Amino acid sequence: MEATKKEKRLEGKVAWVTGSSRGIGRVIADRLAQLGAKVAVHGTSPTSSRAFNEADSLEAVAKTITDACGSEVLPFCGDLTDAATVKDIVAQIRRQFDHIDILVNSAGGDIGALGISGGNFGKPLVNDAIFVPLEDVRAILDRNLMTCILCCREVVPEMIQRKTGWVVNIGSVSGLGGHSHEAIYASAKAAVHEYTRCLAAFVKQYNIRVNAIAPGLIVVPRIVAQGRAEGAAKMTDGTLKRPGYPVEIARTVEFLVTDDSSYMTGQVLRVDGGNQLWPA
């Protein structure tokens, strides 16, 4: 009985995981549903899960998780860089689930103005600090920073009223060091980390915990398609000199949205196998 209670430790909670049609976000959504939460999964479009053949549709993602976990999982789609769309999605979630206890801002990526369809797996062809096209600068900042801010602005006021809530923002180790490439992505993720700290300082008086995770290289289908999953076979070799897996990020989210982290807020947790060992 005690084990069952622990497994369903989020029963009665409602979680919204942005960017959960594929990749890390999808695995986070699955993990929270396993723990008993009702989950709103999200993608930019009803078929954004098809980009790397992870599912036929967002609706299929929701059904697969529901069938596996028994929790209620519903799909919601829309462009989170648009404030009106975010407001509408949150209203839809509240109509279905009444409120949102947990917000996981997983939407993001080093993806330029043309999106995944633009070639190079979405990355700008010129991707440095100076010559990256301005339209790509704006797209990457919007995709990573503004989606996080807009979703928090819609969801957190309700948490303040209820004096409870959990926010987890997905940053990146790219935002914790300088880079000659992916400069705008790194800058956006560094801003996500600092926004996390600022939001945590603002809402801690309301018993709301806000933290961020900074993943290293994580093996998802997009990374595999880019040929960057070298070392994945070392997963069972007893070494941390390997890429990570989405479930390792999902377990960290679990830690941050349960009482396991009851006295933790405003922190940025690296989950990178020890590749970065300097202070944040």
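Which residue forms a salt bridge with R94? It's E158, with the closest N and O atoms 2.8 Å apart. A salt bridge here is a side-chain nitrogen of Lys or Arg within 4 Å of a carboxyl oxygen of Asp or Glu. Keep in mind that this is a predicted model, where local features need pLDDT of at least 70 and side-chain atom pairs count only at pLDDT 80 or more, while totals for chains, interfaces and linings use all residues. Residues are numbered from 1 along each chain as its sequence is written, and side-chain values use heavy atoms, leaving out hydrogens and water.

**Salt bridges**
- The whole structure has 12 salt bridges.
- R94 sits in helix α4 (residues 83-97) and E158 in helix α5 (residues 134-162), 64 residues apart; helices are DSSP runs of H or I with at least four residues, strands are runs of E with at least two, and both are numbered from the N terminus.
- E158 is buried at 11% relative accessible area, and R94 is partly exposed at 25% (buried means under 20%, exposed over 50%, partly exposed in between, using a 1.4 Å probe and protein chains only).
- K123 and E182 pair up too, at 2.3 Å from N to O, and both are buried.

**Helix α3**
- On α3, L58, V61, A62, I65 and C69 are buried.
- Those buried residues fall within an arc of 95° seen down the axis, so they line one face of the helix (the arc is that of the directions from the helix axis to the C-beta atoms).
- On the other side of α3, E59, K63 and D67 are exposed.
- Just after α3, G70 takes a positive phi of about 85°.
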